[in-house]
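Please open the model in your viewer and keep the selection tool at hand. The stops below are meant to be taken in order.

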Amino acid sequence: MTEEGPQTTGRRRPQHLRRLLISGGLAFALAAGGGAAAYKYGLFSDIGDPVSFGKVQESAAAEDIRPGVSMPTGPKATFVRTYRMPDGTQIGRTTLTGAKSGFTGDVWVWVPKEYDDPRYARSGFPVLISLPGGRGYPRNYWGTGPGLGLEQAVIDGAKAGKSLPFILVMPVINADTKHHFDGSDIPGQPKMGTWMADDVPDFTRANFRTFTSRDGWAFMGSSSGGFGAFKHVLKYPERFKAAIASGVDFVPDSPLWKGNRQAMDENNPEKLAEKLIAAGGPDVYINFQIGTAEGGRDATEKFMQEYGKGPVHTRLQVIQDGEHNGKSYVRGMKEGSLEWISKVMLAPTPDPVPGAR
């Protein structure tokens with residue numbers, strides 16, 4: 001389970017250094033190309049500055065809260081900016097210590113433009129918990145910059161009416177750079193399953209307007225993150241409804257399990273799917289993605305044939321010339337997966353415009 005994506009540090013330049021760069025390099029930057037050159041060289045960068053989300057949500061009185069909407073419960077996290085998108089939306093990073101897992105790691109968040117639109121002040125928003133592949137620690141490459149295009153894919157999809165304006169929540173998925181934890185609570189190891197299935201959603205509810213129903217909660221991920229994404233949906237179908245899982249394996253394979261078969265079975269998608277089918281529900285929706293330039297299609301189709309029945313609804317997005325990387329998987333999302341998952345999730349609802357007919 002290996003995959004890498006572009007990463008940026010998101011670290012803030014010391015204030016005195018930023019002032020020196022601006023005062024000492026301004027004339028050069030302007031001469032070399034005006035204000036655009038200054039921004040290119042980072043002289044006016046606001047990366048690392050404090051950022052807040054939800055400027056409109058406090059205005060909604062308790063009696064105005066719609067049924068099924070969960071207003072932020074607090075405590076409020078402190079974020080620093082890691083990127084500002086062309087439409088003005090921002091990616092923020094914070095450090096979370098999970099109350100249930102005890103694990104401390106970074107979480108990146110992006111919210112769509114609609115979130116701060118006063119018309120949506122009383123509406124919940126669907127959440128897409130986005131998991132990286134590879135080491136997935138100490139960074140999540142979905143949140144450290146726009147290079148892979150995930151945030152822009154949601155922006156463009158929402159404009160075109162093909163995607164919901166998801167809140168993207170992007171936690172680290174492993175506890176160190178040496179091991180894969182299979183998105184699970186491996187006995188004797190950090191509880192990475194509890195971190196992703198409990199602490200990260202609790203953090204999201206503390207800070208954002210969400211839905212109380214599982215219909216507002218989904219995962220996406222690539223490689224090892226894709227395994228964690230659809231495994232969590234199968235394990236906790238009462239909490240999460242859908243997943244986009246790209247380039248995944250189908251059984252836990254971390255050496256940290258040390259042959260603990262019972263614990264492995266409790267986190268094995270095949271076993272979890274069997275259990276869900278036998279129980280008759282609730283229904284879950286899994287969109288697999290595979291590129292034609294990577295392996296794994298046979299295993300994906302085999303899983304779909306054996307377990308894609310009853311309450312387990314599956315779909316395969318084949319990405320022409322797609323490789324085992326984030327850019328290919330985002331292309332697949334734009335070509336169909338985002339639209340498919342959006343059809344089974346709850347959408348935010350704006351208040352009617354006064355005087356409109």
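The tour goes from confidence to the sheet, then to the helices and a few backbone details.

This is a predicted model, in which local features need pLDDT of at least 70 and side-chain atom pairs count only at pLDDT 80 or more, while totals for chains, interfaces and linings use all residues. Residues are numbered from 1 along each chain as its sequence is written, and side-chain values use heavy atoms, with hydrogens and water left out.

Begin by colouring by pLDDT, the predictor's confidence in each residue, from 0 to 100; the protein averages 87, and 83% of the residues score at least 70. Now select residues 1-44, where pLDDT stays under 50 and for which the model has 71 contacts beyond four places in sequence (contact means heavy atoms within 4.5 Å).

Next, show the strands, which are DSSP runs of E with at least two residues, just as helices are runs of H or I with at least four, both numbered from the N terminus.

Move on to helices α5 (residues 224-235) and α7 (residues 269-279), whose axes come within 9 Å and cross at roughly 25°. Axes here are lines fitted to C-alpha atoms, for helices over the stretch in contact, and angles run from 0 to 180 degrees between N-to-C directions. That crossing makes α5 roughly parallel to α7, a term for angles under 35 degrees. To see where the two helices touch, select F227, F230, K231, L234 and K235 in α5, which meet P269, L272, A273 and L276 in α7.

Finish with the backbone. Most residues other than glycine have a negative phi, and most peptide bonds are trans. The bond from G74 to P75 is cis, with omega near 0°, and P75 sits in the loop between β2 (69-70) and β3 (79-84). Another cis peptide bond joins Y137 and P138, with omega about 5°. Lastly, D182 has a positive phi, near 55°, and is placed in the loop between β7 (167-171) and α4 (192-207).

Methods: Parallel < 35°, antiparallel > 145°, perpendicular 65-115°, else oblique.
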